[in-house]
Structure formats: structure tokens, C-alpha cells
Amino acid sequence: MDFTYDEEQQALREAVRGLVGKAYSDFENRRRAVAEDPGFDEQLWGRLAEMGILGLPFREEDGGSGAGPVEVAIVAEELGRVIAPEPYLASVVLAGGMVAAAGTAEQRAEVLGALSAGECVLGWAHAEPGASGAARWSATAAAVTASGSGTEWTLSGVKEPVVAGARADRLVVSAALPDGGTGLFLVDPAGPSVTRAGYPTHDGGRAARVGLDEAPAVPLGEPGADLTATIAVVLDIGRVMACAEALGAMDVALASTTDYLRNRKQFGVPLSTFQALTFRAADMYVSLELARSVTTWATMVVAAGRPEQVADAAARAALQTSRAGRHLGQEAIQLHGGIGMTAEYAVGSYTSRLTALDHLLGDGDHHLRRLASTVGEHGEVDPLP
Amino acid sequence: MDFTYDEEQQALREAVRGLVGKAYSDFENRRRAVAEDPGFDEQLWGRLAEMGILGLPFREEDGGSGAGPVEVAIVAEELGRVIAPEPYLASVVLAGGMVAAAGTAEQRAEVLGALSAGECVLGWAHAEPGASGAARWSATAAAVTASGSGTEWTLSGVKEPVVAGARADRLVVSAALPDGGTGLFLVDPAGPSVTRAGYPTHDGGRAARVGLDEAPAVPLGEPGADLTATIAVVLDIGRVMACAEALGAMDVALASTTDYLRNRKQFGVPLSTFQALTFRAADMYVSLELARSVTTWATMVVAAGRPEQVADAAARAALQTSRAGRHLGQEAIQLHGGIGMTAEYAVGSYTSRLTALDHLLGDGDHHLRRLASTVGEHGEVDPLP
Amino acid sequence: MQLELSPEDAAFRDEMRTFFTTEIPQEIRDTVAERRELTKEQIVESQRLMNQHGLAVPHWPVEWGGQDWSQLRRHIWHEEMQRAAVPPPLAFNASMVGPVIATFGSQELKERFLPATANLDIWWSQGFSEPDAGSDLASLRTTAVRDGDEFVVNGQKTWTTLGQYGDWIFCLVRTDPEAKKQRGISFLLIDMTSPGVTVRPIELIDGGHEVNEVWFEDVRVPADQLVGELNHGWDYAKFLLGNERVGVAPVGATKRVLAAAKQYAGEQLADPLTAARFAELENELLALELTALRVAANSSDGKPHPASSVLKLKGTELQQAVSELVVDLAGPDSLASGAGEDSAIPWWSRRATPAYLNLRKASIYGGSNEIQRQIIAKTILGL
Amino acid sequence: MQLELSPEDAAFRDEMRTFFTTEIPQEIRDTVAERRELTKEQIVESQRLMNQHGLAVPHWPVEWGGQDWSQLRRHIWHEEMQRAAVPPPLAFNASMVGPVIATFGSQELKERFLPATANLDIWWSQGFSEPDAGSDLASLRTTAVRDGDEFVVNGQKTWTTLGQYGDWIFCLVRTDPEAKKQRGISFLLIDMTSPGVTVRPIELIDGGHEVNEVWFEDVRVPADQLVGELNHGWDYAKFLLGNERVGVAPVGATKRVLAAAKQYAGEQLADPLTAARFAELENELLALELTALRVAANSSDGKPHPASSVLKLKGTELQQAVSELVVDLAGPDSLASGAGEDSAIPWWSRRATPAYLNLRKASIYGGSNEIQRQIIAKTILGL
């Protein structure tokens, strides 16, 4: 068991930090980027492609650079540090991950090649509006249904919210299959039977309602095959990467808070004079480090290629990170006071992004329920396999 | 709706505070009293009887003084302030309350008369060892069974822990009836078919294992009648009074903590200089006041004689007080530091007593489960009837 | 000790309930219930309707439109108003500047301002906080220099809630720069249409624009708009902030949101963890409401009870916790905050996160929860 | 980045697991597992068995019985020991005075004390805290005045854990009353059978007697029992306290209790709220264990990692939370703490509350959690 990054990984981190830091370390740049559609910096997206970041998780024969989950997590964490609005998680990790896991060699080469080259933004159209209870954050689809056979398929129904759905050049859509189960389909959103209504999300991103009315769709992989298990694994990997992104955001939210406590004066002295505040910052640090440990471990579980453990590890990372994200997000604003409430100042946007990440793929209680349901099936939890 | 005590109630409070304060405000006196069996001050018990405190809740025709729940709660709170080890809650409120609610006029006059006069300590033998899940803290009995008919009954089984069970002159015992349901019985613990093994409890009190081997027993009220509903109401009243006792204990635990923070010096200054500590004392105060509000309200609900609302009110008071008792009990020791861990210093004994009260008749989560199961049946909770 | 309301108080409650649910337009109440933003016109309409019935400023002196109510009745009025999703009278008018003028102002100031203030003919803004004077309010720097019959005001105020609607602003200004902090501060009423006043909106993290910065550049203010005595403004501010905390625990409104959340929850309410979360919050809200009633019962002398800090502290915590619960009920739908009416996602899910983010302010504004803990530790616990 | 243990480390883990579960008597391990009090003899026996196998003081220098292990192996050793319910080597010997003597003591002191310390032939007590010097340790008042070849010691120590068993005690004493606080303190080894030493047990709130007061009245101590330099004791104490925090998070022991609690819970585990409480604690313990592993990985230079304060803080919180859970599982049975073996109530229920009360100390002793927060705020966050 080894928690240290090797030199290549550290170099990757520095490269990404340099690139996105140049783009967004001035928070005004981020405000500008999110103010207008598509809600991110297309040029930066291109540079990420050039650097090989967009193709990072994909096999070289699919047009990617064949790196592993640890590398993807490094990227996610760095994007989180500047709360970069680029749809990396939705487009590369989720939509791209689905294509990589379910697509035929030909589909992979075509779609992932274009994605990796920055020529195609993928949308992951999976969430269904008003889903409740067990249907939320699940690996199945119900509100969008597929019909057809062979390579001739159409989809009907509504997906929402679809992150980057209005900007996306192609959509990966999950749909209920005629004979049960859930399939994955490629859909051209420019077609006449697809309607898209895009809007900003609270974290500065973009999402859309995507209406499908017998929209032509190409099944990923073997037509008609139930891909629920595949979707579940990719979602779990996405959860771990969302945690990594949250780690970066929490780290900066804490640093911003401690900077503020050191520099802001009230009653003639720096806020750091007030022990009630510094102790709360210490508690934030504790939450952050615990979340970091579980998320890093979960990344290693993904990397170790043990699919049977990935679901458990993802749930554990997501639970810990959900709790930590709320704690840090809420306290960061509170310890800043009024300034933390303003859109001009960065810290509130970090809280907003943490809230979005928390609810994108399953919040803490969702994962707690899952873990609680199996708590009687083992004695101790042993992180060493 | 009126939260103020009238003059008579205030006089009662002062009288009780004077009496038990004289006995126990020097904490060494309490340590002495709990060091040896029966674990309390028999003379003080006699003086409580003389003052009419032991007969407070009972009708005058039963030998009591016919006061109401508000008065009993005042007594409980004052006993809690000095964590008096006298078995008031078990003997008067619970065992006495069962006799008052279920006994015939003759039984009431005999038993409650002797109880009120201080001539008879009653034991409430209801808890059953190893009870789990829904059986815990319920109003029914299972491990002790009754057989017989008319006035000829015997009980068999084990009750434990029975508070003051070794000292008790008479036991009120719950038992499963032959035809289902739960009955209440008076048992003479001196009889040969009753075995008692007494021991100290962590809070300085006493409890016992009571073994019954076809022990002769007199049914309270109509022989063979299912008294589950009666037991439930008296238990709920007991819960509210346990909350009142906890209020007194929490109040003093907080006062002791603030005194300590003011007087104890570390690093050359009083602890009250450290904001992280004073803020935690403030949070303790918030918990205490919220618990006080709900408990006082629940006492009024009992006094208003609305049995259908008592169960709900008792659960609400118990939930709030359980949370508050843990918060205050734990923080009181922590803010005292090492000295709070010692038996010579009072504050740890307050924590111990709060822990006992919390688990005697149902802890916070127990009541939360009950409240959660009906949360969908109403919109808002309205404290004004 | 008495659980029941007296028959008179029960009748009063019914009367309030009827008034608020029948006299205030449904459209306004729906806006509040759905946590949408009220227009200025809606706020004004609602307050004027209340004022017509003597219900806008019940805690003012009777001669200026107040009611000679017990604290319990004030509490009932406040709770029924929230329960019916009626926007409360504008706090800057009803709870802040009004009582200050009524208590410390000259007869002339009272006649000039109180009726218009009660009826929201004047919309007041609050000019207390400054960029470098937040919790440490007394370090404020905006100056007012006497020049003949006028004061000349220079400086900057911030966090001016709804300042974009303001007709007038009541300000704390430094009138004696030599005096120590709290001394040397005066309480001045300023017409916001005066030359030299600039209002700039501040965007908040939920995308709303409810607070503002206000600049004063050589603004000339007639000296008769000084309230009370020169350099005694700090006393009036303390009086005002004490008032502000009374009724500041939004118990009724939070209860209403929690009850609505049960509807939102639908089948999720069958999940034991979710149900337990509701039950725990509901119990804490009950405890808070009962504490508010106890405080009301014990502050019949009209002074703010020190336990009002408990209400502010716990009240805002619960308000925030309920808003967090709603986000969790919305789940993935909560992302769709910017979706329009054509969205397939229910409106409450779309409002969930902006409301949650916006309410982070509740524990900061109006005396942060740290300040409340300080008050409890110092005033109540003697620490 | 690597999830798996290397084959060598995996073999090492198996070796440790086998050793602890087969070489240490079951009776001793049962006593730990059932949270009963160990006798002095059991503690000694266990440590001597470990010492025979070179496992009592692995973090000491190799020449004094240590092992040249990686931090990861130390962690595995520690976790497997706790997992098997083996009492850890006496901390006063293995983690405190031993490393101090090994690092700062003369060759003579090392030879005289280290082998006996490793083998628990000498039982050490700790004489640091005083009645008026708790968290503010440096304000201690016990004096040692040089008189010829001896020091004459006067004063009082307190919170001396297991002092009733102590053969020797290592003390911080003031040797220069003129010097400022931290300076003027020396580190002295004192034979507890010396005339003038009195040990008085302190009863704790769980009824146990694990801590003591120790009085020194004109106790004469040979000067060669001074460790290191005169007036440099504070440095050694800081070194020692740094060591104390490493491995101070009782992860393995807490995990063991939590796993046992599932057995205690029985059908209660079917209750969703109870199951969620288990799952949440289990996850936090996992996070803590992984953090301990990360810290181990990052402190290969042997110095305590600042994040060790996180381990102490969170570790004791979780230890306490698990003990609270056990009380709740015991429910009404938890009252029967004083019941004998003839009780009808299971032993774990009888032990539940004393264990809970006793563990309140965990966040106080050995650097309170307030001190840990201070360290985090200052050392790590620069506040």
C-alpha cells in the first residue's frame, strides 16, 4: 500500500495546475467564462485536448493516452481547485467513460478520438426529471424509452438535467430497453426530433432539458444488450472522480478561509486571534484530510481493477466527501462573513460547486443507505485487500 | 398558554431546594450516601415524606396531597440539581404512579398511604434483561409470566435492572398474562420464592436482579385485565419527569462548567479567556434552554389531562432532553479537563446520572423512531392545542 | 402554568389566521410559499393592507399605530403571519427605524416620518455596516461634518438589503472623529435621492441582487434629520439591534417550509432515514417555538430577553438545515436552478439550491451567530 | 500509488497476525476484548512475550531491541496487535521514557534502563501533570534542588496513570526557578520506593482507580538519574509528547469494538437508523485508518507528522462515539454496571456505561483535543 505519487504523476499535476491556474486563478476570469454560453472557455478546452488531458482515461487505440484513474483523479482535483467550469466530469469521465466501456472498437475510435482531440463535447444524458427514491442516481433509465432493433433505434422521453446538454456535439443517452434493462445510445442532438433547452446551473455550469421524440439513436455496443452493470461501474468511477474534484475545491476553500482569518481585522486584531474561529478551521482541516484519505484509497481501488470493490469504495468516498463538502462549504462562507455571500468573491462559488458535485451522482445519505444495508454482512472493514 | 410558575409552585421549589440542598449541596455528603447501601439517605427520605413530597402526585383520599404534574416536575428538577440518589422517580412516580392508575381504592389507600408516609419504598420491576428492539422500553412484559385467577396469582421469571429493588419493601411487577396482555402485581419481596441480588449502578444508585419462582402476587385492579395502556401512560409521565430531573442536573452541570471556566487559570489567564471554550458553553446553554422548553410544555400537556397527547409530548421531551443531556454531560467533563474525570469532583457524576436517565425509559433514538414513523401524518407540529 | 390559550387569545389567533389567509392576496402568499422573489409592489401592498387593519406595527406606541398587545399576542400575530406565508412588514421600517424614531425622535420627526413609515410610503434602507466594519460595527468610518444647518456626509455603507428600493436610509455616521469608537457616532436620516448618493447592487452567490453598496459623496443632509442627540447614535443602534433580534427566529416560516417539504418528499418520506431527519428537525423547531413563547412570556417589560440570542442562533441554524433538506430531497434535480418554466423539473427543486445558498446569510447578517454566542457567553453565562 | 501490500509486507502482516493470535494467551486477549481491567501481571506477561520476539519496542534503535521497519510495518504491527485484542506495550515504557533515554540519555543510563524498560522489568510511571499545570504543562512547580550528588525533590504530580504499579517514575521538575517557564525544567528518573514518595489513588467516574496523585517530600534522587542536560527537560518532553501522539489513534481497537458491537446489536441491526449509525462510524474509522496509513507513509524521517494531531483528535472522538453506541445498544440494561456474574444481563451491557464514562478521558489526557486543534490551527494552518 503506497499513497505517494510518482514523478510523472507529480509532473502531470503541475502541468494541469499551470494550465488551468493561468486560466482561472484570477477569479474574475472564471466569472467571465461562466457569464456567457457555453459557460466555459472553449480555448482552454482545446488546450486540455492538446495536452492529452481529454483523452487521458482512454486506450491509445481509441485515441486516448491510456493513463489510469490516479491520473484522472489528479486532473479532477486540479480542475476542482479553480472550480473550472469545463465539463470534464460529464463529458470525459461519464459520457466518454460510457463509450469506452460499452462501445464497439469502431465507436470508441470515432467518438473518443474526437473527444480526446477536443473536436467533440459529449453530453451524458442520464438523469431523469422528478426521479425519486431508489430511482434517483441509479444506473437504470425509465423516462426515456428505446424502440427498434438491430442498428435502427429511436428514443423518446425527457432527460434533465443534462450537464452541458445544450453545448454538446453528441449525446450519450441511457434508455429503457423494450425487453427490460437499460441500454446506451449515441444521439445527434442537432436532429429535428431532439429539442434542447439550455440554462445555467447554480454553480456556474450549464445544463439542459433534452426532449427526444422518436429521435434516431445508435446503440453503443451490442444492440439491445442490458448495460446496467456497465453503467453502474462507470457511474461509480465518476463518483470517485467527483470526490477528487471536491477535494481540490475544499482545499482551496480552506486555504481561502485561513488567508482571510489571517488578514481580516475586526475589533482591531486579525480574526485569527479568535480561537473559536481558528478551532473551526482546524475542524475543517480534519474533515478535508479524512475525505482525502478515503478518496485517494477509492482511486487506488479503481486502479487496482477490482470491479466488485469499486461500488463499495465509491460509496465510501462519496459519503465521506459529501459530509466534508458540506462542512467545509458552509463553514468557509460563515468564517468569511458577509463577503463570503457575494458572487464577486470566490469562496461562495466553491460552496456552490461542492453542493452541485454532492448532488450530481448521489449525496451522502444515499450512499449511507447503501452501506447501511450491508453493514451486517461483514465484521470489520479492512482497507487492505 | 402560560409558562410562569405561581407563588405556591415557587414556594414548593424553594422548600425542596432547601431540604435537598442541605443534604447534598456538599458533594461529599452525596458521595457518602451512595457509598453504602441502600445508596441514599433514609432520613432525607423520611423528611421528604413529612414535607408531603412523596405523596405529592396522589389523591388525598389515597394518602397523598393531590398536587399535579407541574409540582412533581418541580420536585424532580430540584432532585436533579443535587443528583439526589433517593429513588423518587422509580418509587413515587413510576411504581406509585402504577398503583395510583391501576390499583383499587383499597390498594391505593394502603400502598400509596404507606409510600406517602415514607414507611414503604416501592420498587418498579418492569425492565427485562436482554430485551432488544421493540421490546425495550415498551409497556409490555414477556420474561415474567403470571398464572392464576381471581386473587390467587403467582409470578415467575426475572426482572432486571430493578431500581432500588434490593431495598424495596414492596414491588410493583409487570407480567405477561395467561390470556395475553400485561398485568400489574404487588409482590412481597421478602417471600421465600423471591430472590434479590442488589448492586450499585454507575450513577451511584442501586438496582437489583429480582428472580420470581412462582412468587405469590396480588393483581392491581381487576384481576387478569390487560393494563398495557395504563402502563404506557404512566411510563410516559415518568419520561417527562425524568426529563425534568435531567433539566436540574444539566443546569448545575452548566453552572459548574461556567464557574470552572471563570476560575481555573491556564497559561496565566482564566479559561474564560479562551473563546473556543466560552462558545461551547454558549452552545450548552442553547441545548439546555431548548430542552427546558419542550419538557415544560410536555409537563403542561400531562397536566392538561390529554392522554392522547401525552405519548407524543413525552417522546418529544425525551428526544430533546436525550440530545441535550449527552451534549451537556460530555462537554461539561471536557471543559473541566482532568478534574472532571474524578469521582471526587461532582461534574462527572452529573454526566453519569444524565446517562442513566437517558437509558432508563427510552433514549433519544428510541423516541425519534417513534416520531419518525408518524411524521407523514401531519403537516406542522402545533404546540398550542 | 397553562397549556391552553385563554379563550380571548384563542379568538385572537383565529382572527389573525382569518385575516392573513383571506385579506392578503393569494398571489403574494404563493410567491412567499414558493420561495420566489417578491416585487417591491407586492411587499408594499401587503404591508399597506396590514396597516389598514392596524397590523403592520403592533409593537409601536399606540398613538403611532401600535397595539397594546401582550407578548403572547405579538408572538401569535407573528407566527400566524408566517404560517400564512404573508411577507412580514418591512423590518427596516417596522422593527428598526420606526421604534428608534418613536422612542428617541422629536415630536416633529415622529409626525413627519412615523405614519409614512408604518404605511411603507417611505421605504427605508439600513446604513450600518461598512466594508471594514462588519461584526465590529463601531469601527465605522462614514463621516458627517456639520456645516451650517446641514451635515455633509462622506463614506460607504454595504450589505444594504433591498437598498435598490430605498427612498430613505437611516445611517450611523461618525460625527466626532476624536471620540473613542462607540462615542462620536450619530443616527442620521438621509433622503436617498439626494445628490451624491450612489447605490450599486452586489450580486450574491445565489445570483440574486438583494444587497447593495451605498456611497455618499458630499451628501448634504438637513440637520433636523438627526435622530435624538448628537453623538448618541450608538445607544440607538443598540436599542435597534436588540429589537431586531426579537422575532428574528423565523419559526413559523421554517415550519411552513418543513411541512411543504413533506409534500415534496413524496415517497421518500417512507425511507426511515429521511423520516428521522424530518422528525428531528420538527422536534427542534417545536423546541424553538416553545422557547420563543417562553421568552415572550418573560419579557413583558418590553426589553429584549437575553435568550433572544438563542432564538437567532438556533432559528437560523434550523432555517438553514431545512433548506439543506430540501436540496437533498430534490437530489439531482437540484442542479437545474436556472431552468425556465418549460423545465420538466418541479419548481421547488429548481428553487432548492439558490434558497439554500441564499440562506447561508442568515447566520451572518443581523449579528452573526458568533456574535450571538458571544452575547450568550457574556450576558447570560457571565463568561 | 498502490493499493496492495507488497508480497513482503503481506507476509509480514500474516506473521504478525499469527503471532498475536497464537502467542499471547487467550485469557489476556479476552480481558481486553471484554473491556475488563487487566491485572499488572497480565500486562507484564504480554509485553515480555512480545519482547522475547523482538516485538515490544520496534521503534527503538535496533541496538536496544528495535526493528528497522518501515512506517507501514509499524502501522501493521500496531493494527494487528489491536485487532487481536493484545494489550499494547506499556506506553510509559515503550513510547515515552524509552525513546527519551535512547535519544538523550548517556550510555550508562541506556545500559542501566533500556533492557529492563523494554522487558517491563521496570514499570514506569509518568510524572508530568500537576494540579495547576494541566494543558499548560510548563507552569509546573515540582522542584529539584541540587544538594551534593543528589537532587532533593518536592512537589506533587497528578493524573499518574497506573502509578499504583509504578517502580520508577520519570518526572519533569523545575531546576531553575528563576528561568522562564519552559526553561529551567529538567527530566529526572526517580525510584518510587525512595523515602518521601507517596502514591494516592484517584477514583474516576467509572469507579476505577487507574490514575493517581504522587507526592514528593524531600525525596533524594542521585544526580546521575538526570536525563540529558540540566534545564533541557522541556525539549525532551516535547520530543516525548510528539512520540505519544503517533499511534495514539486507537483505530484497530475501536474497529474491534465496533465489529463486536454488531454481535451485541443482534436484531437491532435490522433497524435502519441503527444500521446507518454503524455504517457512518465504520466509514469514519476507515477514513481514520487510511489517514494513519497516509501519515505513516509521509513520516519516513521518523519525525511526527503534524497530521498526527488529526489522528488523536478524530481517533478519540470515534472511540468515544463507538462507546456511546454500545451504551445505546445495551439500553436499559446499561444501568446494571455493578451487577455480578449472577446477573441476567449480558456482560457487555454491564461494561457499557463504565467504558463510556471512562473514555471521556480519551479527549483530555495526552494533550486534550483542544490542544490538538491548537496544533492543527497553528502548525498546519498557520493561524
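In this predicted model, the axes of helix 10 and helix 12 of chain D approach to within 9 Å and cross at roughly 145°. The crossing of helix 10 of chain D past helix 12 of chain D is left-handed. On the side of helix 10 of chain D, the residues taking part are D:Ser309, D:Val310, D:Lys312, D:Leu313, D:Thr316 and D:Glu317. Their counterparts in helix 12 of chain D are D:Asn369, D:Gln372, D:Arg373, D:Ile375 and D:Ile376. By class, this helix contact is made up of four nonpolar, four polar and three charged residues.

The values for the two interfaces are set out below.

| Interface | Residues in contact | Buried area | Carbon and sulfur share | Salt bridges | Polar contact pairs |
|---|---|---|---|---|---|
| Chain D and chain B | 53 residues of chain D, 49 residues of chain B | about 3900 Å² | 56% | eight salt bridges | 26 residue pairs |
| Chain D and chain A | 45 residues of chain D, 48 residues of chain A | about 4400 Å² | 67% | nine salt bridges | 20 residue pairs |

**Chain D and chain B**

The area buried between chain D and chain B is about 3900 Å², with carbon and sulfur atoms giving 56% of that value. Within chain D, the residues that lose the most area to chain B are D:Ile205, D:Pro332 and D:Leu335, which together account for 18% of what that side buries. One salt bridge joins the side chains of B:Glu344 and D:Arg200, with an N to O distance of 3.1 Å. Of the side of chain D that touches chain B, helix 10 of chain D gives the largest share, five residues. This side of chain D comprises 23 nonpolar, 14 polar and 16 charged residues.

**Chain D and chain A**

The contact with chain A draws 45 residues from chain D and 48 residues from chain A. About 4400 Å² is buried between chain D and chain A, and carbon and sulfur atoms give 67% of this area. D:Met1, D:Leu3 and D:Arg294 supply 20% of the area that chain D buries against chain A, more than any other three residues. A:Arg306 and D:Glu4 form a salt bridge in which the closest N and O atoms lie 2.7 Å apart. The classes on the side of chain D that touches chain A are 23 nonpolar, seven polar and 15 charged.

**Salt bridges in the whole structure**

Over all chains, a search of the whole structure finds 120 salt bridges. Among them is the pair A:Glu289 and D:Arg294, whose closest N and O atoms are 2.7 Å apart. This pair crosses between chains, from helix 8 (residues 275-303) of chain A, which holds A:Glu289, to helix 9 of chain D, which holds D:Arg294. D:Arg294 is also one of the three residues that together supply 20% of the area chain D buries against chain A.

Conventions
Residues numbered from 1 in each chain as written. Chains lettered and ligands numbered in written order. Predicted model: local features only at pLDDT ≥ 70, side-chain atom pairs only at ≥ 80, totals over all residues. Heavy atoms only, no water. Contact = heavy atoms within 4.5 Å. Buried area = accessible area lost by both parts, 1.4 Å probe. Salt bridge = Lys/Arg side-chain N within 4 Å of Asp/Glu carboxyl O. Polar contact = N/O pair within 3.5 Å; in protein donor to acceptor, adjacent residues only side chain to side chain. Helix = DSSP H or I, 4+ residues; strand = E, 2+ residues; numbered from the N terminus. Nonpolar A, V, L, I, M, F, W, Y, C, P; charged D, E, K, R; others polar. Axes fitted to C-alpha atoms, helices over the stretch in contact; angles between N-to-C directions. Left-handed = near helix turned anticlockwise from the far one by under 90°.
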